[in-house]
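Colleague: I would like to learn how to read the contacts around a ligand in a model. Please take me through one case.

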Amino acid sequence: MLRCKWMGLAENIAKVRENIASAAQRAGRKQEEISLVAVSKTVDADMVEAAYREGLRCFGENRVQEFLKKSEVLPKDIEWNLIGQLQTNKVKYIINNGVALLHSLDRLSLAQELQKECLKKNAYLDVLIELNIAKEESKSGLYLEQVDVFLDQIADFDRIRLKGFMTVAPYTDDRMYLRKIFAQAKALYDAKKKEFPGFQYLSMGMSNDYEDAILEGSNMVRVGTAIFGSRIYK
Ligand SMILES: *Cc1c(COP(=O)(O)O)cnc(C)c1O
């Protein structure tokens with residue numbers, strides 16, 4: 001019986017990998033240059049384990065409680081990515097607790113809390129700054145023109161290791177528009193990479209748009225639905 005809910009998982013993963021390879025090739029890049037973060041929010045731990053057995057090692061969660069629960073029971077070599085908006089009062093649970101990368105640094109108060117908690121625990125954290133390129137009110141993230149000031153503000157936060165940018169594009173089928181949004185993120189990433197040698201990830205592209213994101217220079221895609229199917233929110 002249990003097998004039923006995993007039906008299609010291996011095929012979905014194979015398909016996503018194939019699409020990544022094909023988009024990478026069209027962009028003149030190698031498949032290995034693009035990291036796949038399997039977004040496992042709302043997905044049961046046994047399903048995540050099934051995906052792990054298909055070779056996936058990088059998973060994305062947006063809620064701290066859910067991440068903690070899953071990371072406790074799942075293999076220790078999983079790289080957990082936190083992709084959702086992080087409340088300041090949750091920071092204490094994620095430092096030194098197996099988070100490989102935080103994708104959603106979006107405000108100064110969060111940076112301050114991360115720095116403070118890392119100092120306390122003698123830790124470091126790899127983070128991406130989240131961009132809100134289309135200035136959607138429903139989304140968090142910095143507007144492009146706010147990035148320079150923000151980088152100055154956090155310049156002394158030595159515990160935060162800046163690794164690049166993350167963005168969530170507007171939900172639309174207008175692919176020309178999406179490509180334009182992604183291209184803007186890539187341009188900023190390239191410019192800042194010259195100043196910040198630690199930059200190595202441009203996290204953009206989800207189930208709806210990861211191929212377009214790769215064509216515009218993404219090297220990290222966050223794919224949930226195309227791997228695990230539609231989410232059931234409890
Ligand atoms: C849920 C989520 C994803 C995955 O979305 P899908 O459309 O299911 O692929 C990616 N990034 C973020 C920030 C998310 O919250």
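Modeller: Start with the term: a polar contact is a pair of N or O atoms within 3.5 Å. Keep in mind that this is a predicted model.

Colleague: How far is an oxygen atom of the ligand from an N or O atom in the side chain of T225?

Modeller: The distance is 2.5 Å, so the pair falls under the cut-off for a polar contact. S207 also places a polar side-chain atom 2.5 Å from a ligand oxygen.

Colleague: How much of the ligand's accessible area does the protein cover?

Modeller: On its own the ligand has 390 Å² of accessible area, and the protein covers 87% of that. The ligand takes up the space of the largest pocket.

Colleague: Which residues surround the ligand?

Modeller: The shell consists of V39, K41, I83, V168, M206, S207, R222, V223, G224, T225 and R231. By class, five of the shell residues are nonpolar, three are polar and three are charged.

Colleague: And away from the ligand, how should I read charged pairs?

Modeller: Side chains of opposite charge can pair when their charged atoms come close. Over the whole structure, a search finds 17 salt bridges. One of them joins the side chains of E18 and K15, at 3.6 Å from N to O.

Colleague: Where do E18 and K15 lie?

Modeller: Both belong to helix α2, which spans residues 9–26. E18 and K15 are three residues apart, about one turn of the helix.

Note on methods:
Residues numbered from 1 in each chain as written. Predicted model: local features only at pLDDT ≥ 70, side-chain atom pairs only at ≥ 80, totals over all residues. Heavy atoms only, no water. Near = heavy atom within 4 Å. Polar contact = N/O pair within 3.5 Å; in protein donor to acceptor, adjacent residues only side chain to side chain. Areas by Shrake-Rupley, 256 points an atom, 1.4 Å probe, with all protein chains shown as cover. 1 Å grid on protein atoms, 1.4 Å probe; cavity = no way out; pocket = protein on both sides within 12 Å on 5 of 7 lines; lining within 4 Å. Sits in = over half its atoms within 2 Å of the grid points. Nonpolar A, V, L, I, M, F, W, Y, C, P; charged D, E, K, R; others polar. Salt bridge = Lys/Arg side-chain N within 4 Å of Asp/Glu carboxyl O. Helix = DSSP H or I, 4+ residues; strand = E, 2+ residues; numbered from the N terminus.
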